[in-house]
Amino acid sequence: SPEKVKRFSKLILDRYSLNLIEFKSNSEILPYVDQMFDLISKTYNKLQTYVPIQAYQIKYYKEKYFRYIHPDFVKGVTDSNNNLIAFLITMPSFSKALKKINGKLFPFGFLRILYAQKFMNKASLYLIGVRPEFQNKGVTAIIMNEIQKTFNKHNIKVVETNPELEENTQIQ
C-alpha cells in the first residue's frame, strides 16, 4: 500500500540521514551533474564493458542535454553532507512524435513535439546511479517510488529502459 511505502521510505531516509531532492528547475539540477557522472562510474565500473566517461564528454552532455531535461523526471538522494548518493533520470518518450515528424522540426514538427510533451503516456529510463555502499539498502526503491509518483501525475503508463548487460544484476 502507498502508506507502507511512505513509512518504508521515511525509515530508510532517517536510518542513513538521507534527503530526497525535489528538483523544481533545470538550474537546480546542474550543480549535481558532475556528482551524477561520478556516481555512474562508481555504479558501473565493475562491469567489464564499462568505459569511463571523460571530462569533455560530461561538459558536452551538460551543455547539450541537461537544459532539456524536465526537472520532474529527475530524482536524487543526498547524504547528510549534501553528497549525491543516488539519482535517476527519466524523460517523457518522444520516439513516436519524432517518427511522425521524420526529424523535421519546421514548419510544424515542433508543434507535434509540444503536443507529445503534454499528452504522452510513455517515458524512458535513461540513467540510474547508486553509490555502491547504498545498493541493496532500499535507496533504489525510494527513488523508484518517487518517479512512480511523477509518472502517475503525468499519466505515464509505459516505461522503456535501455537494454541492460546480462552481468548487470544490481540494476536489474
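Glu 160 is partly exposed, with a relative accessible area of 27%, where partly exposed lies between buried (under 20%) and exposed (over 50%), for a 1.4 Å probe and protein chains only. The model is predicted, so local features need pLDDT of at least 70 and side-chain atom pairs count only at pLDDT 80 or more, while totals for chains, interfaces and linings use all residues. Residues are numbered from 1 along each chain as its sequence is written, and side-chain values use heavy atoms, with hydrogens and water left out.

The side chain of Glu 160 meets that of Lys 122 in a salt bridge (3.5 Å, N to O); the term denotes a side-chain nitrogen of Lys or Arg within 4 Å of a carboxyl oxygen of Asp or Glu. This pair links distant parts of the chain, 38 residues apart, with Lys 122 in strand S4 and Glu 160 in strand S5. Helices (H or I, at least four residues) and strands (E, at least two) are DSSP runs numbered from the N terminus. Lys 122 is also partly exposed, at 30% relative accessibility. Salt bridges with shared partners join Asp 79, Arg 131 and Glu 133 into one network. The whole structure holds 9 salt bridges.

Other salt bridges lie within helices. In helix H1, Lys 10 and Asp 14 are 4 residues apart, about one helical turn, and their side chains meet at 2.7 Å, N to O. Asp 38 and Lys 42 are likewise 4 residues apart, in helix H3, and form a salt bridge of 2.7 Å, N to O. An α-helix has 3.6 residues a turn, so residues three or four places apart point the same way.

Beyond its neighbours within four places in sequence, Ile 29 is in contact (heavy atoms within 4.5 Å) with Phe 23, Met 36, Phe 66, Ile 69, Pro 71 and Val 74.

Val 139 belongs to helix H7, whose buried residues also include Ile 142, Ile 143 and Phe 151. Among the elements that cover the buried residues of H7 are helix H1 and strands S3 and S4. Just after H7, Asn 155 takes a positive phi of about 60 degrees.
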